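Please keep the structure open while reading.

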Amino acid sequence: MKKNFLKKILSLGLIAVLTVGLTACSGGDTSKKDESVSENKKEKQVVQIGAYGSHVPFNYMENDELVGYEVDIWKEIAKRNNLELKYTVSSDVAGLFTMLDTGKIDTILCQVSATEERAEKYDFTEPYMYSPGAWFVKEDSEDVNKIEDLYGKKVGVIAGGVDIDMYNDADPEGKIEQVVYSNVNAAYKDIEIGRLDATGVSRPQGLYLIKQGDVTGLKVTGYNGITETDIFPMLKGKNNELLEMANQTIKEMKEDGSLAELAVKWFGDDVTVNPDKE
């Protein structure tokens, strides 16, 4: 009787030891697994972007949300590279470049064109668009086919814009009066009411604005001889990892056709092909 009782006790003790041992092993594995999962979770890199915010259809506010062609490109860059985007919206172009220069933002959405002067200070992403330059003029006025057609007239230019250099180079005698604006929409309105004769506009954007009814009483005319190569600028040598991510993604989007799809969505045409090389 005692012998059987002792056997029972020993058996139960062995089962308890085995149970504790198995539980301990199982607990150890779970801890390691949780550790591994935690290590694999990567925090999203935050990208600070400055946007003009009223440059239709590139980037503009709609129902308190920033939308547009450039915005859609960066959404795709963020999606493919696990990035979080934070925007600072300002209608002051010169101010946006100051923010870029001081490291407050990583890049700018404002249809920024690649120029030799900017190349000295900024790294450029792969081009996402090519924009032949033209002019907005009043619908019932004569066409402007070249810069010389603007002699004796008033043209609107945007502070910090490349048009200023273009006019200065082509018109050293100052026969064209340049009127500086901080907001391009004000220039469009002044042409419509006759205060201004013309202002520069990329042909794709101008045709889009007329088609959408965002400007009235104006037409797109001429070619200024310059096709802008539109890029996203980053302060030279300061953001190599982000630059590489953006470049790789834009290249992939060109190859898989998604960049052309976005262009057609916003402009009704594939503006990602350089017309000067066709």
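What is the relative accessible area of Glu192, and is Glu192 buried, partly exposed or exposed? In this predicted model, Glu192 has a relative accessible area of 27% and is therefore partly exposed. The salt-bridge partner of Glu192 is Lys189, which is likewise partly exposed because its relative accessibility comes to 45%. Both residues belong to helix H6 (residues 184–192), where they sit 3 residues apart, about one turn of the helix.

Side chains of opposite charge can pair when their charged atoms come close.

| Acidic residue | Basic residue | Closest N and O atoms |
| Asp256 | Arg80 | 3.1 Å |
| Glu173 | Lys175 | 3.6 Å |
| Glu192 | Lys189 | 3.8 Å |

The salt bridge between Asp256 and Arg80 joins helix H8 (residues 240–256), which holds Asp256, to helix H2 (residues 69–81), which holds Arg80, so the pair ties together parts that are 176 residues apart in sequence. Asp256 counts as partly exposed at 43% relative accessibility, and Arg80 counts as partly exposed at 32%. These two residues are also linked with Glu76 and Glu252 in a network of salt bridges. In the pair formed by Glu173 and Lys175, Glu173 is exposed, with a relative accessible area of 64%, whereas Lys175 is partly exposed at 41%.

Other acidic residues gather in a patch of negative charge on the surface, namely Glu116, Glu117, Glu120, Asp165 and Asp169. Helix H4 (116–119) and helix H5 (163–170) are the elements that give two or more residues to this negative patch. Glu116, which has its place in helix H4, counts as exposed because its relative accessibility is 73%.

Asp123, by contrast, counts as buried, since its relative accessibility is 15% and the cut-off for a buried residue is under 20%. Asp123 lies in strand E7 (residues 122–124), and its side chain is joined to that of Lys236 by a polar contact of 3.4 Å.

Two further places involve glycine. Gly152, in the loop between strand E8 (129–138) and strand E9 (154–158), is exposed, with a relative accessible area of 71%. The C-alpha atoms of Gly152 and Gly174 are separated by 9.1 Å, although the two residues are 22 residues apart along the chain. Helix H7 (residues 203–212) has Pro204, Gln205, Gly206, Tyr208 and Leu209 as its buried residues, and H7 is followed by Gly213, whose phi is positive, near 80 degrees.

How values were computed:
Residues numbered from 1 in each chain as written. Predicted model: local features only at pLDDT ≥ 70, side-chain atom pairs only at ≥ 80, totals over all residues. Heavy atoms only, no water. Patch = residues over 30% accessible without salt bridge, like charges linked within 9 Å, V, L, I, M, F, W, Y side chains within 5 Å. Areas by Shrake-Rupley, 256 points an atom, 1.4 Å probe, with all protein chains shown as cover. Salt bridge = Lys/Arg side-chain N within 4 Å of Asp/Glu carboxyl O. Lys, Arg positive; Asp, Glu negative; His and termini not counted. Charge placed at Lys NZ, Arg CZ, Asp CG, Glu CD. Helix = DSSP H or I, 4+ residues; strand = E, 2+ residues; numbered from the N terminus. Buried < 20%, exposed > 50% of the residue type's maximum accessible area, 1.4 Å probe, protein only. Polar contact = N/O pair within 3.5 Å; in protein donor to acceptor, adjacent residues only side chain to side chain.
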